[in-house]
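The sequence and the model are shown first.

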Amino acid sequence: MKITIITVLILGLLSTITARAESLSNDRIELFRTMGKNMKIISQADNAKTALMAAKTLDKIANKLSTSSLWPINSGDGNTRAKNEIWDNLPDFRAKFKNLREATKNLKEIAALGNLKNTQNAFRKIGRTCGSCHRVYRSPKK
Ligand code: HEC
């Protein structure tokens with residue numbers, strides 16, 4: 001009887017942990033998708049104001065995604081495409097987020113000057129910072 005109760009308690013605890021990790025990865029994925037949408041808006045923008053709005057959103061999300069509470073250790077199970085290599089190389093992973101934040105901040109500042117062509121030039125640099133992290137820390141689509 002005691003053992004049964006303990007087993008139930010342990011199973012309950014485990015499923016709570018799993019559910020938490022899954023919802024975290026859903027939060028991450030949601031943010032990444034919004035970032036992707038705003039990248040598209042900038043690439044198709046025909047005026048500087050639209051680009052500036054999207055650049056501001058990008059920068060906000062880049063900061064949000066960098067917070068460590070979204071990346072607790074080994075939250076790479078379930079539906080996530082986050083590789084476990086992230087937690088073996090945390091300083092490098094963080095450095096890649098820092099590069100992203102610098103690129104989005106730069107983009108935001110340039111977009112605020114109101115020149116669409118310059119904004120789109122700065123925008124191209126961002127794509128590289130996305131790819132440099134995905135190559136190492138994101139697994140292929142399931
Ligand atoms: C520091 C690393 C890092 C950077 C920088 C980064 N990503 Fe990601 N990205 C990831 C990881 C890890 C995942 C997988 C997250 C998960 O599934 O839990 C991911 C997932 C995604 C997804 C997939 C969401 C889905 O539908 O499953 C998109 C889209 C995406 N990123 C877009 C971007 C864009 C656009 C940028 C640049 C503006 C970017 N990412 C920058 C690490 C990064």
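Helices (H or I, at least four residues) and strands (E, at least two) are DSSP runs, numbered from the N terminus. On that basis the protein chain has five helices and zero strands, in the sequence order α-α-α-α-α. The model is predicted: local features need pLDDT of at least 70, side-chain atom pairs count only at pLDDT 80 or more, and totals for chains, interfaces and linings use all residues. Residues are numbered from 1 along each chain as its sequence is written.

**Burial and contacts**

- A residue is buried if 20 or more other C-beta atoms lie within 10 Å of its own, exposed if 12 or fewer, and partly exposed in between, with C-beta atoms placed from the backbone.
- By this criterion, 20% of the 142 residues of the protein chain count as buried.
- Two residues are in contact if their C-beta atoms, placed from the backbone, lie within 7 Å.
- Among contacts between residues at least 6 apart in sequence, 68% join residues at least 24 apart.

**Surroundings of the ligand**

- The ligand is surrounded by 22 residues, of which the closest are Phe-32, Thr-80, Lys-96, Cys-130 and Cys-133; a residue is near a molecule if its C-beta atom, placed from the backbone, lies within 6 Å of it.
- Helix H1 (2-44), helix H4 (90-111) and helix H5 (116-137) are the elements that give two or more residues to this shell.
- The most is given by H1, with eight residues.
- The shell divides into 12 nonpolar, five polar and five charged residues, where Ala, Val, Leu, Ile, Met, Phe, Trp, Tyr, Cys and Pro count as nonpolar, Asp, Glu, Lys and Arg as charged, and the others, Gly among them, as polar.

**Nonpolar core**

- In soluble globular proteins, nonpolar side chains tend to be buried together.
- A nonpolar core is a set of buried Ala, Val, Leu, Ile, Met, Phe, Trp, Tyr and Cys residues joined through C-beta atoms within 7 Å.
- The largest such core here has 17 residues, and Ile-42, Ala-51, Ala-55, Leu-58, Leu-107 and Ala-111 touch the most other members.
- At least two residues of this core come from each of H1, helix H2 (48-65), H4 and H5, and H2 gives the most, with seven.
- Not counting residues up to four places away in sequence, Ala-51 touches Ile-42, Ala-45, Ala-111, Leu-116 and Thr-119.

- The expected span of a helix is 1.5 Å times one less than its number of residues.
- The 18 residues of H2 should therefore span 26 Å, which agrees with the 25 Å between its end C-alpha atoms.
- Buried residues of H2 include Ala-48, Leu-52, Ala-54 and Asp-59.
- H4, with 22 residues, reaches 31 Å from its first C-alpha to its last, close to the expected 32 Å.
- Among the buried residues of H4 are Phe-93, Lys-96, Thr-104 and Lys-108, and the cover over the buried residues of H4 includes H2, H3 and H5.

**Individual residues**

- Asn-74 lies in the loop between H2 and helix H3 (85-88) and has a positive phi of about 55° although it is not a glycine.
- Asn-74 is exposed, because 12 other C-beta atoms lie within 10 Å.
- Ser-68 is also found in the loop between H2 and H3 and counts as exposed, with 10 C-beta neighbours inside 10 Å.
- Ser-68 and Arg-94 are 26 residues apart in sequence and 9.0 Å apart in space, C-alpha to C-alpha.
- Val-136, in helix H5, is partly exposed because 14 other C-beta atoms lie within 10 Å.
- Val-136 is 43 residues from Phe-93 in sequence and 9.2 Å from Phe-93 in space, C-alpha to C-alpha.
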